[in-house]
Amino acid sequence: MNNYQIGQQVIHCRDGLAVVVGSTNMADKDYYIVKTVRGSGENIYVPVERADQIIRFLMNKKEADELVDYIKSIPLEFNPNTKQRRDGIKKRLLSGDIKDAAYLFKQLFFFKTSNDGSIKYGALDIDMLSFASNNLLDEFAITYDKDRDQIEEFIFDKLKYFFWYILIVR
């Protein structure tokens with residue numbers, strides 16, 4: 001079990017970037033108190049014994065570089081069955097797994113940059129994919145010590161030769 005420290009930035013599996021702001025004991029259970037960075041900045045009580053299932057440490061630069069390389073290997077997939085597709089996106093979105101976030105990031109990127117009309121995402125799909133992408137980009141920004149408004153271009157530059165090749169070959 002990981003030991004999270006007050007002031008430490010973490011990723012919450014549902015709400016993305018957060019900060020551990022304290023700890024408390026309620027009804028003989030210990031909790032971390034994490035405050036979300038996006039949205040209303042609400043406090044979330046995370047049971048210490050389940051913390052590793054709900055929050056995780058931010059990736060370091062080596063892990064970020066490995067994730068960028070991993071993104072290159074993720075296949076473009078589209079399930080035309082709306083219910084199955086949305087259930088799959090939700091499952092990946094809520095898993096807290098960085099590779100699931102990377103998968104959703106890549107699906108959205110390809111939808112935005114190379115959609116030939118065969119991929120028909122609905123507004124809810126786009127919202128969920130965008131949420132995952134924004135959370136991942138927030139984490140990349142902190143890991144690479146870049147401003148949030150610069151990180152998307154920075155990551156795309158790291159991927160551009162690969163994406164350029166894929167877009168031309170497709």
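This is a predicted model: local features need pLDDT of at least 70, side-chain atom pairs count only at pLDDT 80 or more; totals for chains, interfaces and linings use all residues.
Residues are numbered from 1 along each chain as its sequence is written, and side-chain values use heavy atoms, with hydrogens and water left out.

**View A. Ala-27 in the loop between strand 2 (16-26) and strand 3 (29-36).** Strands (E, at least two residues) and helices (H or I, at least four) are DSSP runs, numbered from the N terminus. Ala-27 has a phi near 50°, a positive value in a residue other than glycine. With a relative accessible area of 76%, Ala-27 is exposed (over 50% relative accessible area, 1.4 Å probe, protein chains only).

**View B. Asp-145 in the loop between helix 5 (123-143) and helix 6 (148-169).** The phi of Asp-145 is near 55°, again positive in a residue other than glycine. Asp-145 counts as exposed, at 68% relative accessibility.

**View C. The packing of helix 3 (residues 82-95) with helix 5.** The two helices pack at an angle of about 20°, with their axes 10 Å apart; axes are lines fitted to C-alpha atoms over the stretch in contact, and angles run from 0 to 180 degrees between N-to-C directions. Helix 3 and helix 5 are therefore roughly parallel (angles under 35 degrees). Contact means heavy atoms within 4.5 Å. Residues of helix 3 including Arg-85, Ile-89 and Leu-93 meet residues of helix 5, among them Leu-124, Met-128 and Phe-131.

Terms used. Buried means under 20% relative accessible area, exposed over 50%, partly exposed in between (1.4 Å probe, protein chains only). Angles under 35 degrees count as roughly parallel, over 145 as roughly antiparallel, 65 to 115 as roughly perpendicular and the rest as oblique.
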